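Subject: Structure handover

Dear colleague,

The structure is handed over below. My notes on what was found follow it.

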Amino acid sequence: MSETKEIIYLTFPPDVSNQPVVCNLARVYDLSFNILRARISPKQEGQMTLEIIGDRKKCREGLRYLKEQGVGITPVAQKIRRVEDSCVHCGLCTALCPTKALRVDLNSREVLFLREKCSACGLCTSLCPVQAMVLETENGIWEAITEGA
Ligand code: SF4
Ligand code: SF4
């Protein structure tokens, strides 16, 4: 059995938002998951950043199941981006970032964004006072996770 851990960004059409499709990943496909970030309301489009852990084959089957239910799936490796011109290097996000993807460079005193460490949890997008941390949607439009929340 080959284990995998993936972080994915999901979008739920309104008619799927109130269905237990994510719970079925555990119940039917024996996968573990952590919800890193979610914005789901009944009868409205929902968004979720999800970490799934389990057998690679089961993982593929689980993702296929989500797709069949109409859920949009995007790997999050490149989902969070910093708008470099907007960042004022205030450092607020460095205290919050759970993976230390945002940290202060001790020489320059600037805040570095280490994309490869980012889990796309989205916490920094809520916190950043100048909206420098943004989520890239599937169609390429930049959008803060918190917009419209
Ligand atoms: S909170 Fe925003 S402006 Fe402040 S350092 Fe982080 S990304 Fe830059
Ligand atoms: S989304 Fe922001 S807070 Fe979350 S891991 Fe990435 S840089 Fe850190």
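By about how many helical turns are Glu61 and Lys57 separated in helix 2? They are separated by about one turn, because Glu61 and Lys57 are 4 residues apart in helix 2.

Before the rest, some conventions. This is a predicted model, in which local features need pLDDT of at least 70, side-chain atom pairs count only at pLDDT 80 or more, and totals for chains, interfaces and linings use all residues. Residues are numbered from 1 along each chain as its sequence is written, chains are lettered from A and ligands numbered from 1 in the order in which they are written, and side-chain values use heavy atoms, with hydrogens and water left out.

Overall layout

The protein has 4 helices and 9 strands. Both kinds of element are DSSP runs numbered from the N terminus, helices being H or I with at least four residues and strands E with at least two. Their order from the N terminus is β-α-β-β-α-β-β-α-β-β-α-β-β. Of the 149 residues, 42% count as buried; buried stands for under 20% relative accessible area, exposed for over 50%, and partly exposed for what is in between (1.4 Å probe, protein chains only). The accessible surface comes to about 8600 Å², and 49% of that surface belongs to carbon and sulfur atoms. Areas were computed by the Shrake-Rupley method with a 1.4 Å probe, and for residues only the protein chains shown count as cover. Among contacts with a separation of 6 or more, 64% are between residues 24 or more positions apart, a contact being heavy atoms within 4.5 Å.

Salt bridges

The count is 2 salt bridges, each defined as a side-chain nitrogen of Lys or Arg within 4 Å of a carboxyl oxygen of Asp or Glu. Glu61 and Lys57 form one of them, with their closest N and O atoms 3.3 Å apart. Glu61 is partly exposed, at 25% relative accessibility. Glu84 and Arg82 also form a salt bridge, at 3.2 Å from N to O. In that pair Glu84 is partly exposed at 47%, whereas Arg82 is buried at 7%.

Aromatic pair and cysteines

There is 1 aromatic pair. Tyr29 and Tyr65 make up this pair, with 5.6 Å between ring centres and 40 degrees between the planes, which is tilted. The rule takes rings of Phe, Tyr and Trp (its six-membered ring) with centres within 6.5 Å, and calls planes under 30 degrees apart stacked, over 60 edge-to-face and the rest tilted. Tyr29 lies in the loop between helix 1 (23-27) and strand 2 (32-39) and Tyr65 in helix 2 (residues 56-68), so the pair ties together parts that are 36 residues apart in sequence. Tyr29 and Tyr65 are both buried.

The search for disulfides (cysteine sulfur atoms within 2.5 Å) returned 0 in the whole structure. Cys87 is buried at 17% relative accessible area, and Cys97 is buried at 11%.

Nonpolar patch

Leu92, Leu96, Leu123 and Leu127 form a nonpolar patch on the surface, and together they have about 290 Å² of accessible area. Patches take residues with over 30% relative accessible area and no salt bridge, joining like charges within 9 Å and nonpolar side chains (Val, Leu, Ile, Met, Phe, Trp, Tyr) within 5 Å. Helix 3 (92-96) and helix 4 (123-127) each supply at least two of the patch residues. Leu123, in helix 4, is partly exposed at 33%.

Thr99 is in the loop between helix 3 and strand 6 (102-104) and is partly exposed at 27%. Leaving out residues up to four places away in sequence, Thr99 touches Lys117, Cys118 and Ser119. Lys100 is in the loop between helix 3 and strand 6 and is partly exposed at 48%. Lys100 is not a glycine, but has a positive phi of about 60 degrees. Most residues other than glycine have a negative phi. Arg109, in the loop between strand 6 and strand 7 (111-113), has a positive phi near 65 degrees and is exposed at 54%.

Ala26 lies in helix 1 and is partly exposed at 34%. Beyond its neighbours within four places in sequence, Ala26 is in contact with Leu31 and Phe33.

Regards
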